[in-house]
Amino acid sequence: MMGGDGVALTENHTPVEHRLILENELVRVWDVLLYPGELLKHRDYALPSLVVVVEGDRTETVRSDGSRETLDETPGAFRYLEAGESFALKNVGSHRYWSRIVEIKTAPHMRNIDPKETFYDDAYAPVAQKVLFENELIRLWEISLPVGGGHPTHHHMLPYVILSVEGGHNQMKWQDGRTTRSYEGPGFVLFREPGGIHRLYNMDETKPYLNRLMEIKVPSYPLPDLETPLTEEVLIDTTESEWRPKSLEGLSEIRLFTNEETGATISLVKFAKGSGIPEPHKHASNQFMFCLSGEYVYTATNTVLRPGSFYWNPKGNVHGPTMANADSVLLEIYDGPHYPQKPSWYTDDKDAK
Ligand SMILES: [Fe+2]
Ligand SMILES: [Fe+2]
């Protein structure tokens, strides 16, 4: 070993070693921490490598041929090193230098990948926000989230390494209903295999989240379960919703919920004064109505719904006609399909569902 080729060791630098923090069949990740003036000893990097800076301001790279390169090393800065690099690294700034060196193991199954292959699932958001670098082995992304921000629903089709630069408390919501929390502060490193559909939120109260996300182009990984949808609460502000007129004069609707499989729905329906369902009829499921305003009457039985009235009408029961004695708003629920067949008073099929 040519101890520190090209580096003036007479400058009294303290040699520093790498510290291995993660290794698997695809990557090896080293922790490098250099205080001002310290030196990372000369070393051969036989594998292609990615250097991601967590903290720092200025370094000098000294190669075995004696060439030197000075770099500004701000948080999040990165550089890709081809296989076969050989260098020492000196902190020539006034701040400590803290980085991760990710060596990429070029296994045979990673060869011959078309760099244009996207590895996207177009149905979802990309795995992160911005591509910073890409070649045939890796794709490096950025996620940058303000306090309270999130990255939308996506899933990973490639294994990846998370390299946090800035941030703190994150939360992931998964398709199987799990919510996981993690502390992904500066320097956090995590390898993940392709997984289920999820979303990411920055839950930290004070710090934005910034990372470098390195996808490794290994197409042979099994794909995750994509059948189960990602669930989430839905909030509808009906005061902001538009009433959709139906093909019966005076009737309009705000649809709140639809189960496409069963035909069940929940809607707000509004009958203008003097409008109503003109004929006796029956439904193909149980129907429930809660009157919010107005006065709505089933005229054959003189059943009157007023604000606060709850009415339900068993599947198959013949009822109606109806009449709104005042402008009336009702919450209407069907636990299955609305009608055995399209009733005569609707001209639009959509209105019968
Ligand atoms: Fe993700
Ligand atoms: Fe009805």
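## Strand S17 and its sheet

Tyr160 stands opposite Arg192, a residue of S17. The model is a predicted one. S14 and S17 run antiparallel and are joined by 4 bridges.

These two strands belong to an open sheet of 5 strands, ordered S11-S12-S19-S14-S17, with antiparallel pairing. Strand S11 (130–134) and strand S17 (189–192) are the edge strands, each pairing on one side only. From one strand to the next, the twist averages 25°.

## Overall make-up

The protein has 26 strands and 0 helices. Of its 353 residues, 25% count as buried. Among contacts in the protein with a separation of 6 or more, 74% come from residues 24 or more positions apart.

In soluble globular proteins, nonpolar side chains tend to be buried together. Here the largest nonpolar core has 37 residues, and Leu50 and Met214 are those with the most contacts inside it. The strands that each supply at least two residues of this core are strand S3 (27–34), strand S4 (39–45), strand S5 (49–55), strand S9 (85–91), strand S10 (97–104), strand S12 (138–145), strand S14 (160–166) and strand S19 (209–216). Domain 1 (9–104) and domain 2 (108–216) each contribute at least three residues to this core.

Leu50 is in contact with Phe78, Tyr80, Val102, Ile104, Ile138, Leu140 and Met214, leaving aside its neighbours within four places in sequence.

## Backbone features in two loops

Asn302 is in the loop between strand S23 (287–298) and strand S24 (303–305). Its phi is positive, about 50°, although Asn302 is not a glycine. Is this residue buried or exposed? Asn302 counts as exposed because it has 7 C-beta neighbours inside 10 Å, and the cut-off for exposed is 12 or fewer.

Gly320 and Pro321 are joined by a cis peptide bond, with omega about 0°. Pro321 is in the loop between strand S25 (310–313) and strand S26 (322–334).

Technical notes
Residues are numbered from 1 along each chain as its sequence is written. Chains are lettered from A and ligands numbered from 1 in the order in which they are written. This is a predicted model: local features need pLDDT of at least 70, side-chain atom pairs count only at pLDDT 80 or more; totals for chains, interfaces and linings use all residues. A residue is buried if 20 or more other C-beta atoms lie within 10 Å of its own, exposed if 12 or fewer, and partly exposed in between; C-beta atoms are placed from the backbone. A nonpolar core is a set of buried Ala, Val, Leu, Ile, Met, Phe, Trp, Tyr and Cys residues joined through C-beta atoms within 7 Å. Domain bounds come from an automatic or database domain assignment. Two residues are in contact if their C-beta atoms, placed from the backbone, lie within 7 Å. Two strands pair if DSSP finds at least two bridges between them. Axes are lines fitted to C-alpha atoms, for helices over the stretch in contact, and angles run from 0 to 180 degrees between N-to-C directions.
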